[in-house]
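User: Hi! Could you walk me through this one while I have it open on my screen?
Analyst: Happy to, just ask away.

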Amino acid sequence: MRKQAQKSATIQDVARAARVSTATVSRALSAPGKVSEATREAVIDAVRATGYRVNQAARNLRMQRAGAVLILVPNLGKPFYSGILAGVSEGFAGSDYAVLITDTETDPLSDGALAGYFLDGRIDGAISLDGGLPRTALAQCAAQGVGDRIVFLCEWVEGAEFPVIAADNAQGARLAIRHLHDLGHRRIAHVTGPEGNVLTAARRAGMLDERARLGLPAREEWIIRGDFSLESGHEAAARILAMSERPTAVFCSADMVAFGLIAGLRAGGLDVPGDISVVGFDDIEMSEYYVPALTTIRQDRQRLGRRAAEVLLSRLTGGARPGPEPPIPVEIVLRASTAPPR
């Protein structure tokens, strides 16, 4: 065994050490479920003893696959994506797929680019966090027979027939409004996400649904358009400061919006939560350490990323394809930015 480990071991070396055929070794390494547990363990022991390493490039070429997946992220600079990408990486750990990442905001996909990645043999599958992908790009992928290797994560394109892994956004909005109502707030504003965004629509729908259920007043000026950014939160604060009848609480569509809002309110002389309570959405890392620490809706970003990787891996390896994915549950995290109204 020592002599074999000193040179480059071959699959024949592994077969001899495990006392099985080379075909059995190949099956044990590429499709372990097709061999018995005893055979699988014998092959693994032989691989370790001989120092055998799979020539992944040759294997990919033989199997006519790229051995890589592409993750489409609309803005890599946003803190929100760190936990999600960690989950995706965790989901592919142990597989033989490399994970490639591209920023679709700084480097938008040109016409036909996504289908081209598949057809040029550069990727086997894709996970998109960008709900703004052109329908034409998705139609091109479907026409080329690779549409079943695309999974949407967090955001999605309405009406497109692709698996979607997402948090329960509407329920998160309901929890936010319910919490503020339970504290005694009745004048509750909402800073939305960008117009036309699926998350904006889902969170706004949940917010309006819970308002109606609780019989809360809904003034038009208390629904303020944002875009998930610090800047839009700061602009929303300026609008609230100028109101003759201000809300006593604000539900923001994202934590970054909440941070900008709190900064703007405090610059205008208001205290959070003394004068206005604020709730965010996402529970990014900064939420716990902001001043005041932010009450927010936590979506398990790592779980979301991990599940998207699992779904794509199953599709790439010929696994079962169940129906629509249920939304990932959310929860409210209570911190210092909310309190009963004065």
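User: Which residue stands opposite Ile165 in β5?
Analyst: Leu153 stands opposite Ile165 in β5. Before we go on, this is a predicted model, where local features need pLDDT of at least 70 and side-chain atom pairs count only at pLDDT 80 or more, while totals for chains, interfaces and linings use all residues. Residues are numbered from 1 along each chain as its sequence is written, and side-chain values use heavy atoms, with hydrogens and water left out.

User: Thanks. In what sense do β4 and β5 pair, and over how many bridges?
Analyst: Strand β4 (residues 150-153) pairs with β5 in the parallel sense over two bridges. Strands pair here if DSSP finds at least two bridges between them. Strands (E, at least two residues) and helices (H or I, at least four) are DSSP runs, numbered from the N terminus.

User: And what is the strand order in the sheet?
Analyst: The order is β2-β1-β3-β4-β5, an open sheet of five strands with parallel pairing. β2 and β5 (164-165) are at the edges with a single partner strand each, so one side of each is left without a neighbour in the sheet.

User: How many bridges link β3 to β4?
Analyst: Three bridges, with strand β3 (residues 125-128) and β4 pairing in the parallel sense. Ala126 stands opposite Ile150 in β4.

User: Which way do the β4 side chains point, and are they buried or exposed?
Analyst: Ile150 and Phe152 point one way, Val151 and Leu153 the other, and all are buried. Buried means under 20% relative accessible area, exposed means over 50%, and partly exposed lies in between (1.4 Å probe, protein chains only).

User: How many residues of β1 are buried?
Analyst: Six of the six residues of strand β1 (residues 68-73) are buried, so β1 is largely enclosed by the rest of the structure. Ala68, Leu70 and Leu72 cover one side, and Val69, Ile71 and Val73 the other. β1 also pairs with strand β2 (residues 98-103) in the parallel sense, over six bridges. There, Leu72 stands opposite Thr102 in β2.

User: Switching to helices: at what angle do α2 and α4 pack?
Analyst: About 125 degrees, with the axes of helix α2 (residues 11-18) and helix α4 (residues 37-50) 8 Å apart. That makes α2 oblique to α4. Angles under 35 degrees count as roughly parallel, over 145 as roughly antiparallel, 65 to 115 as roughly perpendicular and the rest as oblique. Axes are lines fitted to C-alpha atoms, for helices over the stretch in contact, and angles run from 0 to 180 degrees between N-to-C directions.

User: Which residues make that contact between α2 and α4?
Analyst: Asp13, Val14, Ala17 and Ala18 of α2 meet Ala42, Val43, Ala46, Val47 and Thr50 of α4. Contact means heavy atoms within 4.5 Å.

User: What about α11 and α12, how far apart are their axes?
Analyst: Their axes are 6 Å apart, and helix α11 (residues 230-241) packs on helix α12 (residues 255-267) at an angle of about 40 degrees. The two are therefore oblique to each other.

User: Last one: where is His181, and is it buried or exposed?
Analyst: His181 lies in helix α9 (residues 169-183). His181 counts as buried, at 16% relative accessibility. Leaving aside residues up to four places away in sequence, His181 touches Arg186, Ile188, Leu214 and Leu216.
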